[in-house]
2 protein chains.
Amino acid sequence: MAEELLGNVLVGQSGGPTAVINSSIEGVVAEALNHDCIEEIYGTLNGVLGILNEDFIDLASESQQTIRALRSTPGAALGTCRYKLKKQEDYERVLEVFKAQNIRYFFYAGGNDSQDTADKISKLAQEQGYELRVIGIPKTIDNDLPVTDHCPGYGSVIKHVATTVRQMACDHEAMGQGDLVSILEVMGRNAGWIAAGASLAKRRDHPHDPPHIILLPEVAFSAEKFIADVQRVLKREKHCFVVVGEGLIDADGNYVAAAEATDAFGHAQLGGAAEFLQGLVEANIPAVKARTAKLGIAQRAAVTNGSKTDADEAFLAGQAAVLAAINGETDKMVTLLRGEADHYTVETGLAPLADIANGVKKLPKEWINEDGISMNYQFVRFATPLIQGETAVPHENGLPVFAKLDKVRVQRQLESYEL
Amino acid sequence: MAEELLGNVLVGQSGGPTAVINSSIEGVVAEALNHDCIEEIYGTLNGVLGILNEDFIDLASESQQTIRALRSTPGAALGTCRYKLKKQEDYERVLEVFKAQNIRYFFYAGGNDSQDTADKISKLAQEQGYELRVIGIPKTIDNDLPVTDHCPGYGSVIKHVATTVRQMACDHEAMGQGDLVSILEVMGRNAGWIAAGASLAKRRDHPHDPPHIILLPEVAFSAEKFIADVQRVLKREKHCFVVVGEGLIDADGNYVAAAEATDAFGHAQLGGAAEFLQGLVEANIPAVKARTAKLGIAQRAAVTNGSKTDADEAFLAGQAAVLAAINGETDKMVTLLRGEADHYTVETGLAPLADIANGVKKLPKEWINEDGISMNYQFVRFATPLIQGETAVPHENGLPVFAKLDKVRVQRQLESYEL
């Protein structure tokens, strides 16, 4: 047993929300309440921004009902940010605030960039001899964090995408006469994990089920091959269902449909892949109608098509973060480890934040079929367990109701800080 | 009691599918089985196309399980079409096929154009002295059929749209810092019924809840007012949530973002309203990021966010069509009549097909607030009952499973027909 460290918990959320990132907060709060060495359980509003601004709320004062409802609430209940700590003063400020609020446990749910931030905060605390235990909680619909088997948030987004494909396919099957191409644009900047998840819509032993063409950033895009693939499918089927990630890349490594803007971390902002393909189809295949849909933010907020397995694992990751810190661990991220058994089991592990930060796990090329547009059984075996079970979402007056935190503010101890 | 008419039933589906058009088929089959004067229950594949081609299936031979599963199956299980009967020969062929297959009851689920087709078939049969009872079943997500209080299909699409808005809003609330504009494009060509339905996402007594701006074809679009509205919302809220129908119309009555193509009925094919608004926002409001999502076909197939009330009413409409025909009615469409009581009740009525065909029910202007971008209590009172209850959708292996008809073909009696 590690030496007991008395102090307060701070938990934050960062980056794009998922359908289950709030389940991790629920896990942190539920577990933190079990440990006497934890005095207060605070949440930072909008991630590191809330830390710089000393903008904390008292999570222990929220009702149990509200905390429990986080399991089925999309978005990030604490608010999130894409703000990157820029200068040494920012990091110094973080520690100053932690000291002022006696934060001894810091849990940060986020993706690569957020784990990098957590790592830097942890290292600075060590340099300054301030005892702080920092544990990252994996979160990303992109499923691109290294080390962990998969990321909370991924199961729900692919369940929504595969559900949407299966539902739209019923419509296309009714409408198509060999002349309908449907293009569904999904998220995924650096890796085709989300687009690949659409393949789960195929029923077992029905390889010709939609989606017929999955375009992944891992496979260089060729307009000629794409048109030939579409024509081949249209000969065979009433419609051709295409799923495309936003990060479609050509043979020269350039984005096919990139806008010029970049985000705060310098990543290219993408979009428009579906319209690009629509144009290609209509220009090259006569008498064919191409329709587009773009799930946008809806796909990562779709808790009504959410995976219970995913929500439960996000909760587990939050719990495991607290337990690890109590046990003296720091500067690590919780990982999910898949059991070796035939039936799916998962337990949590830990990996150094430095191994996670800024790493990107690509979709294994050997999980893509030779045709370059479909996934093989290895992917299906990997992904199927992640979408099992349906998140129970309470409805009132015909619509889902979501947790709203009371957000009782913690009193500030410091002067305000110039961002 | 009407004179008993012995013969076969033919039921067909036409136009764009909805989440509940299959429930109407279930209603027709369930009711038809109760009546001895009905000998066979056939379905036509792809609407009038299936009639011209004498392409019928035997619905009575489908398993009860399959027929029951239609209640939660999107798309149109019989297939649908946008084919318009063009020439007198087409109509003659229809009657020829009906006579050859002894079709005495024809039920057609569809929108305006489909009811027009049904009307013409009915009138020709009367002219020729062929005893045929034709009853239309209302179907359209657009909710634009006259006479009927509302249309099966509408409740489910607005439930999905409002659910999506509420879910996305959780995400935007977490991400926005007064700099995020989200634009959700929904369907609706001639009327803003679907976009208006997004207003149900607002909680009672929370007028500032998303969506903040609803753009309707009923209100002339002004770019200046739109930008001013967005800026006003961004000052007040963390994000500005815009819902736009595809049929956005400027002060001169022109579509704001119309493509050049027209469909088989000569309607303009629309799309791109969201990108148009995104461009406007980003060009006119500095440092604001606009994101788009376009629900496309997904919105009318989203049975996992479907309304139980809507599915039950679609079933009821199918049942009522059979009962009306048995009672000697013809050349009518089933309508839904809302009770006068405070609590919502519905019963069915009948209206002449000629009154329905090619009519368009506009969203009442007096249901739109003076600001031109939100709906008042009259709309909310109208629409709220239609989204009550959640369609139970069976899941298997993490995904919804849908009915697949066996489609046992009925033997053709005639030579094939040149379309």
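In this predicted model, A:Gly16 touches A:Arg82, A:Lys139, A:Arg300 and B:Met175, leaving aside residues up to four places away in sequence. A:Gly16 sits in the loop between β1 (7-13) and α1 (21-32) of chain A. Its relative accessible area is 10%, and A:Gly16 is therefore buried, the cut-off being under 20%. An unreviewed UniProt entry lists A:Gly16 under "binding site".

**Interface between chain A and chain B**

Between chain A and chain B the count is 2 salt bridges, and 23 residue pairs are in polar contact, both residues being at pLDDT 80 or more. On the side of chain A that touches chain B, at least two residues each come from α6 (154-175), β11 (289-294), α10 (298-301) and β15 (399-400) of chain A. Helix α6(A) gives the most to this side, with 12 residues. By residue class, the side of chain A that touches chain B divides into 24 nonpolar, 22 polar and 14 charged residues.

In terms of contacts, 60 residues of chain A meet 59 residues of chain B. The area buried between the two chains is about 4,700 Å². Carbon and sulfur atoms give 54% of that area.

**Salt bridges within the chains**

Over all chains, the structure holds 38 salt bridges. The table lists some of them, including the pair between chains described above.

| Residue pair | N to O distance |
|---|---|
| A:Asp312 and A:Lys308 | 2.8 Å |
| A:Lys332 and A:Glu329 | 2.7 Å |
| B:Glu390 and B:Lys159 | 2.5 Å |

The pair A:Asp312 and A:Lys308 lies within helix α11 (residues 308-326) of chain A. The two residues are 4 apart, about one turn of the helix. A:Asp312 has 28% relative accessibility and counts as partly exposed, and A:Lys308 is likewise partly exposed, at 41%.

The relative accessibility is 23% for A:Lys332 and 27% for A:Glu329.

The accessibility of the partners can be set out in turn. B:Glu390 is partly exposed, with a relative accessible area of 34%, while B:Lys159 counts as buried, at 1% relative accessibility.

Salt bridges that share partners also join A:Glu26, A:Arg71, A:Lys308 and A:Asp312 into one network. The helix α11 pair of A:Asp312 and A:Lys308 is part of that network.

**Backbone geometry**

Some backbone features are described for each chain. In chain A, the peptide bond from A:Pro210 to A:Pro211 is cis, with omega near 0°. A:Pro211 lies in the loop between α7 (193-197) and β7 (213-215) of chain A. In chain B, a cis peptide bond joins B:Pro210 and B:Pro211, with omega about 0°. B:Pro211 is placed in the loop between α7 (193-197) and β7 (213-215) of chain B.

A:Ala287 has phi near 60°, a positive value in a residue other than glycine. This alanine is found in the loop between α9 (273-284) and β11 of chain A. Is A:Ala287 buried or exposed? Its relative accessibility is 77%, and A:Ala287 counts as exposed, since the cut-off is over 50%.

For B:Ala287, phi is also positive, near 60°. B:Ala287 lies in the loop between α9 (273-284) and β11 (289-294) of chain B, and is exposed, with a relative accessible area of 74%.

Conventions:
Residues numbered from 1 in each chain as written. Chains lettered and ligands numbered in written order. Predicted model: local features only at pLDDT ≥ 70, side-chain atom pairs only at ≥ 80, totals over all residues. Heavy atoms only, no water. Contact = heavy atoms within 4.5 Å. Buried area = accessible area lost by both parts, 1.4 Å probe. Salt bridge = Lys/Arg side-chain N within 4 Å of Asp/Glu carboxyl O. Polar contact = N/O pair within 3.5 Å; in protein donor to acceptor, adjacent residues only side chain to side chain. Nonpolar A, V, L, I, M, F, W, Y, C, P; charged D, E, K, R; others polar. UniProt positions renumbered as here; feature names shortened; annotations may be inferred. Buried < 20%, exposed > 50% of the residue type's maximum accessible area, 1.4 Å probe, protein only.
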